Amino acid sequence: MSECKLSVDYDQYENGVNIVDLIEELASKDESLQLESLIIGDWGGAYENDSGEIVEALVRLKDRFPQLRSLFIGDMSSEECEVSWINQSNLGPILSAYPELRSLTIKGSTGLSIDPAHHDKLEALTIICGGLGKDVLTSISEGSFKNLKKLELYLGVEDYGFDGSLEDILALIEPGKFPQLTYLGLKDSEIQDEIAIAVANAPILDGLHTLDLSMGTLTDAGAEALMNSEKIKKLQHLDLSYHYMSDEMMDRWKQSGLSVDISDQQDSDDDEDYRYPSLTE
């Protein structure tokens, strides 16, 4: 068994099925010793129950999952639970309990923390949410992930949990912070222009093959800074999909000869109050 997904649907939840029981049942099987990827979906009432019991169970049963390399906590559709309603918890103990983990994906940021934010072998960290808290950004920027190759953060909006600033985001890309990083996603942001302008000539770009600024409120202002950057021109790929750029700016990207995704153009209304990132609620 290389991959397994565990989830509790509404009917199961109403009938008393508990996600911890499913984790324990999986751990009792010999197949758990070979499991490489575990996906935790809806744990039943995620809008009112946080992931704390899941974290506790996975830490307690860590010896039953010696080959686990990929973990996704919160893989659920909006029909199961809106992303901003998903109650997470402190996932730091997971990092401590699984030193061989290579990939961690988290969906939902309500109640989320990562303490301690330290892992020697993690290669990919993804947080999917409608608004990422400043405390989590700080934990990551002040933590230690020396082998991280992919960092993908949905920054979101203030109404759904983003309470940081550009300064908190830029702390993530200070030189030497993630020496192995090749993919950087600072996406789904309501300050996408500010991020684009600040990142356009950042030293971290020298080691990247992909910069992902998709799903946010990027306009021509941010795009212009990217267009004029020599560092951007050296990337293998630039993802700007879902944006508010003008037709003229899109034509310039098409003529640039660069590998850039400019799909999913939104109505570029002049009123910025009506520009929204792709994923919020």
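**Exercise 1.** In this predicted model, find which strands helix H5 lies across, and its angle to S6.

*Solution.* Start with helix H5, residues 134–142. Next, look for the strands under discussion: H5 lies across strand S5 (124–128) and strand S6 (150–156). Finally, compare directions: H5 runs at about 160° to S6.

**Exercise 2.** Work out the strand order of the open sheet, and name its edge strands.

*Solution.* Let's walk along the sheet. Its ten strands come in the order S1-S2-S3-S4-S5-S6-S7-S8-S9-S10, and the pairing is parallel. Now look for strands that pair on one side only: these are S1 (3–6) and S10 (260–261), the edge strands.

**Exercise 3.** Describe how S1 is joined to S2, and which helix packs there.

*Solution.* First, count the bridges: S1 and S2 (residues 37–40) run parallel and are joined by four of them. Then pick out a facing pair: Leu6 stands opposite Ile40 in S2.

**Exercise 4.** Are helices H7 and H8 roughly parallel or roughly antiparallel, and which residues meet?

*Solution.* Take the axes of H7 (residues 192–199) and H8 (residues 220–227): they come within 8 Å and cross at roughly 15°. Angles under 35 degrees count as roughly parallel, so H7 is roughly parallel to H8. The crossing of H7 past H8 is left-handed. Now zoom in: from H7, Asp193, Ala196 and Ile197 meet Ala221, Gly222, Ala225 and Leu226 of H8. Sorting these contact residues gives five nonpolar, one polar and one charged.

Terms used:
Residues numbered from 1 in each chain as written. Predicted model: local features only at pLDDT ≥ 70, side-chain atom pairs only at ≥ 80, totals over all residues. Heavy atoms only, no water. Axes fitted to C-alpha atoms, helices over the stretch in contact; angles between N-to-C directions. Helix = DSSP H or I, 4+ residues; strand = E, 2+ residues; numbered from the N terminus. Parallel < 35°, antiparallel > 145°, perpendicular 65-115°, else oblique. Left-handed = near helix turned anticlockwise from the far one by under 90°. Contact = heavy atoms within 4.5 Å. Nonpolar A, V, L, I, M, F, W, Y, C, P; charged D, E, K, R; others polar. Pairing = 2+ DSSP bridges.
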